[in-house]
Amino acid sequence: MYETPISLQNCCVDFICENLKALCDVQTCLDTNQTKYTFKDADAYFHSNLSEQLMASLCDKERLNDETLALFDPSVTTLRRVSIKDAQLTTKGLRVFKSHRISELEITGLKSVTVNDIFSCLGEWTLSNLRVLNVSNSTFLNSAKFCVVVSLSKLRNLQSLNVSHTEFNKHGLEIIAEDLPGLENIDISGTAINDVSPLRKCKDRLKSLSMYNLQVTNTEDLVTVLCELTQLVHLDISSDSSQSFISIYPPKFQITSLLERSSCHPNLTSLDISGRDDVAEDLLKTYLSHHQRLRFLGLALIKACQYPMFIDECPEYRDDIVVTGEANEKQIVEALRRYSTRAVYVQRALFKLFSFSQTWLEPRRDIIKVVLPSMKGHPKQLGVQMAATACLYNLTKSELGSKLHPGCLKSVVDLTLTAMENFPNHQQLQKNALLTLCSDRILQDVNFNRFRCARLVMECLCSFEDASMNRMSVAICSILAAKISTEQTSILGAKSRYMKKLLSLVKQRMESVQIDITLKFTLSALWNLTDESAPTCHVFLNESGLELFMKMLQTLNDTLDLENESRVQVETKILGLLNNIAEVKTLRQSLMREDFIMLVKRLLHTEFIDVSYFAAGIVAHLASDGEESWLLAGTPREDILQDLAKVVRRWQQPQSEMVAYRSFNPFFPLLDCHDAPSVQLWAVWAINHVCTKNGKRYCPLLKEEGGVEKIHQLVVASADLNVVGISKTILSLLQEHVKSV
């Protein structure tokens with residue numbers, strides 16, 4: 001559960017990213033009408049490491065755009081290594097790089113501008129001295145849809161080039177092989193290259209070649225060309241075996257034809273043949289015996305990873321070679337670490353990982369750390385998200401979650417919610433997510449966007465008819481509704497679709513007289529959603545919630561074989577919600593019904609204080625509007641106020657806290673009811689109760705909201721000795737918990 005505390009520098013960078021509007025001025029250029037951010041502090045300056053960290057953090061938080069990129073003016077920042085992934089940028093913002101001396105440039109997933117446009121935003125020093133360039137998943141296509149790569153020839157000192165998953169073609173390969181004398185590392189994976197013969201021009205200097213999923217047509221010549229690259233230390237010729245029907249490598253090419261040439265590539269330390277055709281064990285042993293320097297071997301998606309020499313429990317195990325595959329935990333973790341950008345590989349690894357994770361009894365944060373990036377990298381891939389959400393549940397369930405740091409769990413929750421958003425109609429994925437989220441540890445101790453979570457869970461509740469999903473959904477919402485703001489509960493509760501679903505769950509159980517955990521959670525969710533939320537209370541009444549709850553109370557009264565504990569729990573939740581409605585002045589007339597008041601009056605006199613308390617609260621609020629607003633001829637206001645006073649005077653403080661309040665605002669109108677001391681009595685009893693049980697929270701809140709003055713007024717002005725006595729007790733508690741009262 002322990003984690004290294006975040007460094008002060010990281011805290012400061014995060015703070016800057018989260019508070020740009022407070023720390024920066026937004027300026028508009030009159031000539032271009034372009035807005036840009038500038039730091040307010042004229043003395044602000046970021047050294048190179050800090051500048052690069054700020055850019056990476058803005059990018060990670062999806063806040064890097066043309067306006068914020070302007071922060072990296074060379075008078076304020078220094079950039080040597082630039083890393084930008086999947087940002088929405090144009091040349092207007094990228095021009096800020098022109099005055100920086102950049103030696104390593106990584107701009108991936110940029111489709112709004114071409115690679116050539118990026119070069120036009122770089123200064124002469126950068127073009128002459130750039131050593132590393134990564135434009136993976138970007139585009140070389142100009143407005144005429146032509147692939148233009150000639151500008152690469154300007155990078156005379158380039159050593160490493162990654163053009164994977166772009167339109168880069170054979171013509172481009174010829175240019176870089178001919179014009180870039182220092183080029184040693186090339187990644188052409190997933191490009192339009194169909195002939196690698198141009199690599200012969202750099203055969204004496206090329207050290208690293210990645211050509212994953214490359215659709216080579218001249219397969220007869222492929223092995224010959226590869227073997228001529230005598231200086232290679234890394235070779236990746238892997239593929240997605242699941243896409244074999246596309247003929248990434250035509251059938252004529254067999255990986256065995258390369259491995260049989262065991263004398264080739266004597267300096268090789270890394271070889272990846274994942275997803276290729278299976279290799280005989282003896283052939284692989286022979287190849288390894290001729291390549292003693294080999295330290296990594298990619299065998300994902302093929303059976304070769306199961307050979308005994310790659311399984312650590314076997315006598316012939318080669319512990320000097322790191323292997324990717326799916327045969328054991330070590331291979332799976334390595335596969336997730338190395339192939340986080342490959343959806344097919346990730347899905348297979350996570351699927352296998354799920355089987356291993358079902359039996360783990362100790363928290364595995366190391367595993368979570370490799371699952372999360374893989375999950376984040378493929379938000380729209382259903383297979384990946386299905387397997388990932390299933391794994392995360394196994395990795396955080398029950399006692400495992402209690403031993404994981406809240407920061408780790410927050411990352412789990414954030415990506416789980418993203419999966420729910422992206423696949424709202426996939427029942428099993430939604431169920432996986434609910435299983436993870438339905439955790440006291442997560443819901444109580446972890447800081448995440450609770451409103452987002454509650455909204456997604458409510459959508460899930462309305463979308464599927466599944467008993468276990470219903471139970472988890474209402475359980476999650478019952479907790480979250482008490483932890484989000486009243487504005488947010490109003491947004492949720494004001495959706496009639498949500499209210500109808502929750503009330504339907506109550507109705508189903510009332511009709512079958514079924515008092516189960518789903519009913520209790522549903523009632524708690526409704527109670528918390530209506531707390532100080534007039535819009536939610538209004539929707540509740542519009543959807544016939546009052547009639548349903550009255551029937552529920554009558555059903556509970558008529559069911560003789562129901563145990564008291566269950567009866568009291570349900571009655572308390574029902575009356576708690578109705579108490580919330582009674583707090584709303586404009587809705588009280590809806591409760592002015594003889595049949596409703598008779599029900600409340602009966603429950604007012606129950607022996608169970610939890611039930612009696614909320615029944616008394618309903619009476620107090622309804623009576624607080626004065627005699628002229630009391631419209632019930634059959635139940636005189638004076639009579640029920642006398643009952644209220646008698647009941648409250650009988651109460652003894654319970655052992656535990658009966659109720660939690662967001663604020664004391666609903667009580668203040670009651671304290672001003674000088675014509676009805678019994679209304680005041682219930683209010684001060686309630687305030688005293690929560691201040692007694694949780695003074696640390698409620699006493700400062702009472703002072704902050706201006707309640708202390710009202711309590712002082714009661715001590716001076718009230719004619720009811722009970723009201724005065726309890727008010728004095730409250731003031732004593734305030735002196736104990738608040739410094740100045």
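Begin with the lining of the largest cavity, which by class has five nonpolar, three polar and one charged residues (Ala, Val, Leu, Ile, Met, Phe, Trp, Tyr, Cys and Pro count as nonpolar, Asp, Glu, Lys and Arg as charged, and the others, Gly among them, as polar). This is a predicted model, in which local features need pLDDT of at least 70 and side-chain atom pairs count only at pLDDT 80 or more, while totals for chains, interfaces and linings use all residues. Residues are numbered from 1 along each chain as its sequence is written, and side-chain values use heavy atoms, without hydrogens and water.

To display the lining, select Arg 509, Met 510, Val 513, Gln 514, Ile 515, Met 552, Thr 555, Leu 556 and Thr 559; a cavity here is a set of points on a 1 Å grid over the protein atoms alone where a 1.4 Å probe fits but cannot get out, and lining residues have an atom within 4 Å of a point. Helix 23 and helix 26 are the elements that give two or more residues to this lining, and helix 26 gives the most, with three.

Next, select helix 26, residues 545-558. Its buried residues (under 20% relative accessible area, 1.4 Å probe, protein chains only) are Gly 545, Leu 546, Leu 548, Phe 549, Met 550, Met 552, Leu 553 and Leu 556. Among the elements that cover them are helix 24 (517-530), helix 25 (534-542) and helix 27 (564-583).

Finally, colour by pLDDT, the predictor's confidence in each residue from 0 to 100: the chain averages 92, whereas residues 242-249 stay under 50.

Definitions and conventions: Helix = DSSP H or I, 4+ residues; strand = E, 2+ residues; numbered from the N terminus. Expected span 1.5 Å × (residues − 1). Buried < 20%, exposed > 50% of the residue type's maximum accessible area, 1.4 Å probe, protein only. Contact = heavy atoms within 4.5 Å. 1 Å grid on protein atoms, 1.4 Å probe; cavity = no way out; pocket = protein on both sides within 12 Å on 5 of 7 lines; lining within 4 Å.
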